[in-house]
Amino acid sequence: MVALVNEVVCALGGHAGEVFGGGEKDVFVSWTTGQGYRPLEPEPCPLRLEEDTARGEVLALGEKQVVNELVKTAFHYREVSRFATVESQPGASGVLGEGAAAGAVGRSGAYRRAFAFGLVKVLGRYRQDVVRVERRLNSDGDCLPLTELQSEFCQYQVLLSRLHRLVCKVSKEDVRGCELLRYCESFLVCGIPCMEETMKIVVNYMYEVLYKQLGAWLVYGRLLDREGEFFIRRTTDPASSGAVIVVGEEGEGDLEKVSTQEWHGGFEIHEGSLPMHVSRDTAETILFIGKSQRILSHFRNNWRRLERVTTAKGASAKQGQRNLHSDNFQMLGRLEALRQEGEFSKPAFDGVIDYFRKEVASHMWQLVVIHAELPKHLQALKDYFLMERGNFHQVFLTEARSLMQKPPNPSTADSEMATILNQTAQMTGCEADPLLGNVSLRFSKPSAPGGEAKRDGAKKIHLPSCDEWDNMCLRYKVSWPLGLILTSEVLGKYHHMFQFLWRLRRVNVELDDVWTTLRRIAMRSEHHSHFSNSPQVWHLRHQMVHLLCNYQVYVQVDVIEAQYAVLQQQIASAENFLDLENALGRFTSVLITQSFLDITSITSMLDGIIKLCLKYARSVYAQLDSESPLESLPLFSRFQDDFQRRAGMLFTVLKSTKLSISSRAPHLHQFLARLNYNDWCSKLALESQLNTTL
């Protein structure tokens, strides 16, 4: 019995003898062969007593069962130990930086190696117990009962069998990276105390890797992940990493373009790799912090460029550099203190991440608002895209009117409009504006006929149309780092508002010219004078001007001016970049919603009214050369009936309970009061309803 017990103890130490069939028949593939070790499946166990006797000993059935249970525990240990030994070998894996060579990539990854180190730590306790039993056998010289030996290692029977199944799954399914961390975290609440205690040790080793990657990303903006293990990864789709904005072409380096592109789509969150205690919102915050650190790092490396500006601003910039360095050291210290706490604490972790977010967002706010002078560019966007400079756009449309009466030539439209733009700047004194150079006109490819429908996130924007010149686009050249906040989405909304206001103003210019044309027609003859003074013609023009001018005043004053005042207050009170980004996003979204560009019924009615106004203007121009203008009066009567019907329907929709109750248009009642002067619209709406009923 003494010999058998010694064999069992040796097997428990990982060296099964011949008495247990299949003990050393399998081949242990070492790391040096270039292949990993795939552990044998837990069932069936190849180690067992094949005969009723062993070493001359006669065993009872119960003793044989005890031996086989102990040997099965030894089998679990052997497989887990071999797996841990191979995976923890130097060079098997490691955390590699962005500048590491491609051939230096580890085989299994840093998390697998940390996982193996944790297993080695846990198995060390088991080996100590085996050594203690061996010493007891050697010192006493007496035989140790099998039942006592069983009691010594009963605690490891459940633990090692569970660990064996775990390493088999990891090896078979090639689980690695943060997915492995997440899988191991699931055992922290498995209900088996010994397994939970063991996995705490293993998970703590893996968190060391996570903290190292978090430290590099959160403090320096570096992604120490050549094997795709971290939950933040570079985007694999090249098309998604480009920012669709116009980047400054002069004085801007490739690094600035790359940093802007990285900000908008260079990195993404891998959902399956998120650790159990890191929520999606926290991961989004971590992504923002790392991207911000990359931007700030680029800014720090090029801060000498600020010496070309004023002395006071340069001093402020240098002070900002010192603050950036000191804040990074403080952030690194907080992360290190969190790591040294041992057990992971989600509230403490979220608190540190929130602290990082506030510090980094504050520096990003200084970069965009103070260094890049965002308020000046927002004012320029308001002047030219939202038509704050009314005289500029009025002169431009007047000068371009003769050109826009002909179909556009796509090959020459850009240069022709650029010439008119320069002339307008000279005539209005805007050539002294340093930001006018960022504004340019481009003629895009013709779109499908009819009202335009464009996507704005989850909303679909509808724009009323005029003619082929609707494809004229206003663009703004965004220099670094303004592209971080003036994104393609934000500039797209500005562009939608410009196109909408451009078309309203174009129609108003045409109606203004109708007045001049009617005066010229009246001077030709008595018949022409009767036509020019006819109520069908003049009243219709007054009604059209009343409707379109009031709509334009509503958009310019009640929407744009009111919301821009709110935006200025929010920018002044903003403490960090995220507040600034949210404020600008809300501002541009409210412009779209309060102008009703996302309501198809309203924009389609406006589209019909605008086309009718242009048709009316062209019909008036045609009478200038007509010898019998009075014959066209029935046509203008039909125009008037059609316009009044459309105006009444538009007023009914705008006055609907849904719009009046909702907070999307707080100044709508003022617009309706101006539009319904002397109950004009109410009468039109009533007549439209009666005609529909009849």
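Predicted model: local features only at pLDDT ≥ 70, side-chain atom pairs only at ≥ 80, totals over all residues.
Take the contacts between residues at least 6 apart in sequence: 80% of them join residues at least 24 apart.

**Aromatic rings**
- There are 24 aromatic pairs in the structure.
- In one of them, the ring centres of phenylalanine 83 and phenylalanine 115 are 6.2 Å apart and the planes sit at 70°, so this pair counts as edge-to-face.
- That pair links helix H2 (residues 61-87) with helix H3 (residues 110-140), since its two members are 32 residues apart; both are buried.
- Phenylalanine 396 and tryptophan 502 make a tilted pair, because their planes meet at 50°, with centres 5.7 Å apart.
- Phenylalanine 396 belongs to helix H12 and tryptophan 502 to helix H14, so the pair ties together parts 106 residues apart in sequence. Both of these residues are buried too.
- Ring pairs also build a cluster, and its members include Phe396, Trp502, Tyr494 and Phe498.

**Charges over rings**
- Lysine 291 has its charged end over the ring of tryptophan 263, 5.0 Å from the centre.
- Arginine 334 lies over the face of tyrosine 355, 3.8 Å from the ring centre.

**Cysteines**
- How many disulfides are there? The count is 0.
- For cysteine 613, the nearest cysteine sulfur belongs to cysteine 466 and is 9.5 Å away.
- Cysteine 613 is buried, at a relative accessible area of 1%, and cysteine 184 is buried at 0%.

Technical notes
Residues numbered from 1 in each chain as written. Heavy atoms only, no water. Disulfide = S-S within 2.5 Å. Buried < 20%, exposed > 50% of the residue type's maximum accessible area, 1.4 Å probe, protein only. Contact = heavy atoms within 4.5 Å. Phe/Tyr/Trp six-rings, centres within 6.5 Å; stacked < 30°, edge-to-face > 60°. Helix = DSSP H or I, 4+ residues; strand = E, 2+ residues; numbered from the N terminus. Lys NZ or Arg CZ within 6 Å of the ring centre and 35° of its normal.
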